[in-house]
Amino acid sequence: MIKRILVTGGAGFLGSHLCERLVGEGHDVLCLDNFFTSQKSNVTHLLAKPNFELIRHDVTVPINLEVDEIYNLACPAAPGHYQYNPIKTMKTSVIGSINMLGMAKRCRAKILQASTSEVYGDPEIHPQVESYRGSVNPIGPRACYDEGKRAAETLFVDYHRMNKVNVRIVRIFNTYGPRMHPYDGRVVSNFIRQALAGEDITIFGDGEQTRSFCYRDDLIEGFIRMMAAPDDFIGPVNIGNPGEFTIRELAELVIELTGAKSKLVQRPLPADDPTRRRPDITLAKAKLKWEPKVPLREGLAETIKWFKSINIADYRAPTPNY
């Protein structure tokens, strides 16, 4: 059945790939974005498609659309972006969610919230399971994003409880791939950009902190499966790659794949930066029959190829800190 599907944040890194997938499946796709951190070039190739429509709009402002499904991805998702305007980040998570949930209630639409592993904060258990309530500093520099997403989850579950809205919640772990913003402050884009420019690679702390890296195609498949899941499974569910790598290992792999001569330079660890991050995906395997397929080396090679194909000068750094 052809559906009318709204993707908020649809011109972003993940949103553009989701739009591409849904358009390819024949659905009518409405891509809504305010271009605060995204690029119109991410969706230019879709503009001529008869089943794709681009709307420049901010989710913090109400909008009336008639849709069957909503993927709520709108929110700056990288430290360099969400710390640029922390109040705007919180508004996007909270007011944006209220507006989209209101639309879902009115339209009787199914709605998926793109939450984050940041709701776990600097975790005290490892790996992180969905039942873990997190260790978050509510007044730290990352709180606008962490607490904004936690509040959004609360709103989604309460709209489900009180108004019977058909909701889904996925918690995204570190994701990478083509169309990442080169200056988003994420570790993958930082390392690739520095290596290709022949610069030394900046490591914060001793580089022994760990992350799990999920390739964008695997993540989008998780979104699609969660939206199609039975209505009695609303999540939250972890979507990420359980393979765990130190930041130093990632840097060394980027240097190898780019052929760069970069050295590693250490800088102090930022405040509230998690020391370990790895998803337990037992629930995703059981309920969605989902698990990632793309190994880090393969995904990084594709991402590096894309970075080589773009003109970095077309992208601006969001803050003076980079």
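Start at Gln-128. A polar atom of its side chain lies 2.9 Å from the backbone oxygen of Ile-125. That is a polar contact: N or O atoms within 3.5 Å, one able to donate a hydrogen and the other to accept it, where residues adjacent in sequence count only if both atoms are side-chain atoms.

A word on the model. It is predicted, so local features need pLDDT of at least 70 and side-chain atom pairs need 80 or more, while totals for chains, interfaces and linings use all residues. Residues are numbered from 1 along each chain, and side-chain values use heavy atoms, without hydrogens or water.

Back to Gln-128. Is this residue buried or exposed? Buried, because its relative accessibility is 0%. The cut-offs are under 20% for buried, over 50% for exposed, partly exposed in between, with a 1.4 Å probe and protein chains only. Beyond four places in sequence, its contacts (heavy atoms within 4.5 Å) include Tyr-120, Phe-173, Arg-277 and Asp-280.

Gln-128 sits in the loop between β5 (110-116) and α4 (143-163). Helices are DSSP runs of H or I, at least four residues; strands are E runs, at least two; both are numbered from the N terminus. Pro-127 is in that loop too. The His-126 to Pro-127 peptide bond is cis, omega near -5°.

Another cis bond joins Gly-235 and Pro-236, with omega about 5°. Pro-236 is in the loop between α6 (216-227) and β11 (237-239).

Last, positive phi. Arg-108 is not a glycine, yet its phi is about 55°. Arg-108 counts as exposed because its relative accessible area is 78%. Lys-289 has phi near 50°. Lys-289 is exposed as well, at 63%.
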